[in-house]
Amino acid sequence: MHLISRSLPLLLGAVLLVVLSACESSVAPRADTDRHFSLYGVVSPDADSQGVLVFPIENELRELPAEPIDAILTSTDLETGEELVWSDSLVFREDGVVHVYWAPFRAIHDRSYQLSVRSADGDRRAAVTVKVPPEAEIAPGLVREDIWILQDVAITAPVERLNFLQVRYFVKAKVPPAALAYPVLLPDKQTSLGAPPPPTDPQAPLPPTDSLIVQQFIVPVDYSNDSFLDASGWTIPINFSFDFTDIRQRVARVAQPDPTYGIRLEHIEITLVAANAEWAAPQNVYDPEVLIQPGTMTNVQGGFGFVGAGYRLSHTYNLPDATLTRIGFRLDND
Amino acid sequence: MRITPAAALALAMMLLAPQGSAGQSASVRGFVTDASNGEPLEFVNVVLRRDGALVRGAVTDFNGFFVLPNLSSGYGELSATYIGYTTEIDTVLVPTGQAITVNFSLEPDQEQLDEILVESERSTGAARVTAGQQTIRPEDIALIPAPDVSGDLATLLRTLPGVVSSGDRGGQLFIRGGEPSQNQALLDGILLYQPFHILGFYSAFPAEIINRAEIYAGGFKARFGERISSVMDVSTRNGNNRRFEGSLSLSPFVSAAHAEGPIVPGKLTFLASVRQSLVDQVASDIVGQPLPFDFGDAFAKITANLDSNQRLSLTGLTTHDRGTLGADLGSEIQPEEIRWENRGIGARYVVLPRQFPVFFEAGVSYSSLESTLGEPDNPSRSTFIENMHAMIDLQFFLDRVTWNGGASLRLVQLRSDMGGLFQNVEERGDELQHFGLYLEPEYTVSEHLKVRPGIRMQFFDTRFQPYIEPRLRVLYERGRHELSLAGGYYEQSEIGLYDRRDAASVFMAWTNAIAESDRFDAVAEGRVQTAWHGLIGYRTTFPSGIELSAEAYGKYLSNLFISEWTAYPRFTTNLQPATGRSLGFDLRAEIRRPGFYGYVTYGYSNTRYSAEQAELELWYGTETLEFRPPHDRRHQVNALASTTYRKVDLSVRWEFGSGLPFSRVVGFDGFALVDDIINAFEVDTDRRVIYERPFSGVLPAYHRMDVSMGRKFTTTRADFTVQGSVINVYNRANLFYLDVFTLQRADQLPIVPSLGLKVEFR
């Protein structure tokens, strides 16, 4: 008994050490997932062949090797049941290789396609279904004169979304030569070249008229958040009066335009992407820092990424001289 | 907390106005030192008697300094008494309206040697915590099992509840929810930016040079500023002023040497220490795995006793560290090497003006840190920070109040370059100026109650719009019970950036509170980091040698700047504002018996950060993201038992820490922005990390047992100490580092037997 009581602490200590050393020390650094592939691309009826980027979801951060990946991509026309197997194509980039799967067919308007990707053994799968928007055109309506000069522009078919909608004004102004560096005037004081223009002093004396040159500016105005859909279809309500004021300010930011020449409109171009319903970034912001977060804009089942369906639409036109004069794009003495 | 310039001026005038007229009364002050080595003695009772009746008494502080203010003129008998030393008695004449200096040098009393050890321990100890403040002396360090015979402050700090370390590797301490960059580490007033070596047992503070260390886990005094989490104020010894001493020690981990002695006896002393790691050469063979670490430090101090009223000391140190922390699995991605070097030099001047009961201290210092990460010859990340510092401190002694006040000026220069693979960070550089004023009277309200309110005015970047930092410390002692509380407001300008997505990220880049965001007001206005601290503690001592203490705390942090969350696999200084809070409590039980010392401590901590990144609402449907930062260790247990059996000292320590949070990865893929009718063959792509919700994973718990056994052999010329130790007795595979990108895993040290020898010459 005495021996047992003396040995007990040692025995307990030994048991404790064995228990402690057997405690779980491994870590599960990877969360379980049922997502296996990420897909990016656009199915377009304007292209003769379709292409989609395919990234396998891997356990390790690495550059993909220049060899085929274990992925088979097929597309199915959900109306006809026609199935195509897409080809893998290696594209070499500075930061490694990417895999573009492609197939030589032209997508048909108003038709749905399912793109399915799977591993050779079929264990890993992902799929996305996209519906190609119906064929449509841009149809400017009549110019209305109210307090402002307005025009409603219609889309002739019931497409589900109008993305990246811009009304681009091609204007001319007589400006100092330095303004040549800023051909596209974006709304946030930046230019298409990235560099902010030097500030101009509106009170400064105008340079001699003979040193000025006639410069064309492209001034895009974003109408993404202004278009609306009702029973009659899409309407883009253009307000030329507002836009003229905005354009005049943007031009003045990069140069002192000659007021005797004014801001003259050459033509208007409306551009947009007729898109499928899922092609919608949160708050309509297509910022890579936002959209890179997995799951933020995805329509891929069993994976991540986004595959859209759509096509570009554009329409170029001009306004009658009288309308231009009333807006301010033409001076009375022209 | 910002105030207007007018209010600041009024407050400054009020603080700087004369607070009394006690300068005309007489006083006696001086220093008490150990006659055997000249080191200051703390807690010495100094008493003035006249005709056998007690006139006034005082207790020496950590400088060995005492002052008896408000005396009438005349003769008296001044005595200095300290257990373990012979009492010194001197007859003094106190002249009218003057301050006289009387220094004592007490001879150790061999018969009381054991008692002095006991008494010394009672001024420190595991349960001796008062409102977040704990004093550590070298003898406390010696109790902690370590892989070599020469102790280090780092081994003890890692055992404190509320202190989370990065482990055996890395050299990072998180104190009660704060981050390493929010800790202020001072060595004789010199600010050290990265004071811990790459092997977690070691720091720039070897036990050989330490006189004492004051650790403030929060609620620190107004004397300290510029940091928002904690203070480690380490004071070094002056060196023996009677005779030369030295020591050499050798272990598989470190070789060390130190020397001290009088250059001019009684006037000028020196203390020097040097250490160099042997881990890579020796310990790695014992462990059976590569330990690619190289580190070392050198320290030197010269102290001049200019006269009985003045002392000047010069301190210099340098540290170096180099090593790879990730596991080398032979893949194409080699583990990155981290290097850092601390440099520091400083001078301190202490004077007791002849006319006033004032203790005056002035100091200047310079220190720097250079750190790199990446390939040895081509680092991808680097940071450099240096500062010049000048300070004055004053203590003005009145009858029931001691006025503490001072000023400091620090000029900081920093730059960071974080470019490299998967990174998109620009080079950053900045110059900062910090100017601080503080006033902190300590009132002895009654025999039992001391109250120490304080206020610090902190000017960042020489703007006359100071930040006002109120502080308070209260101590109530009655019998064996002690109740303490502390609180305050703290601000910090410099930011230490590290990648929170790593399970154990060691490289920290220093930068400034920046004003480059049009998305966040706090960033755009360049607001500094702030914290509110509140602590309340209770401690009781039983005659049986048992001491218990409990302390609860809360820290509320604002204007933190943390890396933005992104799925791009990169290190980034795109900052997002965040707030944080840490709540917790410590329980400590300590027992001292003849031949036995032990303690058990438990710490609970709950830390949460709340990030305000603009994209969060789009990603998670919430404006702020609350998460557990990677140093949020919820539960900690530390136990130590130390005894002596047949002249062999035996120590056993066990520690447990619950698992730390980390961000689990679902996988890696690529990303392309679909913002038009893109051509898949031409569109730009990036690699991408697919994370779970940030910091929702938990790493395995950490626990380990260390033992050490040592014996000292004494000869007439030298003492020999032989120590054997085993670190991680049951060979627990504790995780140190997990690279979630490459799945590289590095563990803490496995079982490590070690044998060390130390020779002390005298």
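**Close-up 1. A:Ile69 and its contacts in the predicted model.** Setting aside neighbours within four places in sequence, A:Ile69 touches A:Pro56 and A:His99. As with every view here, what you see is a predicted model. A:Ile69 sits in the loop that links β2 (50-56) to β3 (72-77) in chain A. Is A:Ile69 buried or partly exposed? It counts as partly exposed, because its C-beta neighbours inside 10 Å number 19, and the buried class takes 20 or more. For a sense of scale, go 70 residues along the chain to A:Ala139: the C-alpha atoms of A:Ile69 and A:Ala139 are 46 Å apart.

**Close-up 2. Where chain A meets chain B.** Here 48 residues of chain A are in contact with 45 residues of chain B. On the chain A side, at least two residues each come from α1 (2-21), β1 (37-43), β2, β5 (87-93), β6 (96-103), α3 (288-291) and β16 (303-317). Which element gives the most to this side of chain A? That's β16(A), with six residues. Sort the chain A side by class and you get 27 nonpolar, 14 polar and seven charged residues.

Close-up 3. Follow the strands in the order β9-β10-β14-β13 of chain A and you've walked through an open sheet of four strands with antiparallel pairing. Why do β9 (138-145) and β13 (228-230) of chain A count as edges? Each has a single partner strand, so one side of each is left without a neighbour in the sheet. From one strand to the next, the twist averages 30 degrees. Zoom in on β13(A) and you'll find three bridges tying it to strand β14 (residues 233-239) of chain A, in the antiparallel sense. In β14(A), A:Trp234 is the bridge partner of A:Leu229. Helix α2 (residues 240-254) of chain A lies across β10 (149-155) and β14 of chain A, and the helix runs at about 50 degrees to β14(A).

**Close-up 4. The nonpolar cores.** In soluble globular proteins, nonpolar side chains tend to be buried together. The largest nonpolar core in this model has 182 residues. Which residues have the most contacts inside this core? They are A:Leu39, A:Val52, A:Leu53, A:Val54, A:Val307 and B:Leu153. Take A:Leu39: beyond its neighbours within four places in sequence, its contacts include A:Val52, A:Leu53, A:Val54, A:Leu115, A:Val117 and A:Val307. Also among the contacts of A:Leu39 are A:Ala126, A:Val128, A:Val300, A:Gly303 and A:Gly305. A second, separate core has 26 residues, B:Phe66, B:Leu71, B:Tyr82 and B:Leu352 among them.

**Close-up 5. Strand β35 of chain B and its pairings.** Strand β35 (residues 596-611) of chain B runs antiparallel to strand β37 (residues 635-645) of chain B, and nine bridges join the two. One residue pair to look for is B:Val600 with its bridge partner in β37(B), B:Ala639. β35(B) also pairs with strand β36 (residues 625-627) of chain B, over three bridges and again in the antiparallel sense. In that pairing, which residue of β36(B) stands opposite B:Ser610? It's B:Glu626.

**Close-up 6. Two positive phi values in loops of chain B.** B:Ala131 isn't a glycine, yet its phi is positive, near 50 degrees. Look for B:Ala131 in the loop between β9 (129-130) and β10 (133-136) of chain B. B:Ala131 counts as buried because 27 C-beta neighbours lie inside 10 Å. B:Asn728 is another residue other than glycine with a positive phi, near 60 degrees. The loop holding B:Asn728 lies between β44 (718-727) and β45 (735-738) of chain B. With 22 C-beta neighbours inside 10 Å, B:Asn728 counts as buried.

**Close-up 7. The domains of chain B.** The assignment for chain B gives domain 1 (20-113), domain 2 (114-235) and domain 3, made of 236-504 + 529-761. How far apart are the centres of domain 1 and domain 2 of chain B? Taken over C-alpha atoms, 30 Å separate them.

Key. Residues numbered from 1 in each chain as written. Chains lettered and ligands numbered in written order. Predicted model: local features only at pLDDT ≥ 70, side-chain atom pairs only at ≥ 80, totals over all residues. Buried ≥ 20, exposed ≤ 12 C-beta atoms within 10 Å, placed from the backbone. Contact = placed C-beta atoms within 7 Å. Nonpolar A, V, L, I, M, F, W, Y, C, P; charged D, E, K, R; others polar. Pairing = 2+ DSSP bridges. Core = buried A, V, L, I, M, F, W, Y, C linked by C-beta atoms within 7 Å. Axes fitted to C-alpha atoms, helices over the stretch in contact; angles between N-to-C directions. Domains from an automatic or database assignment.
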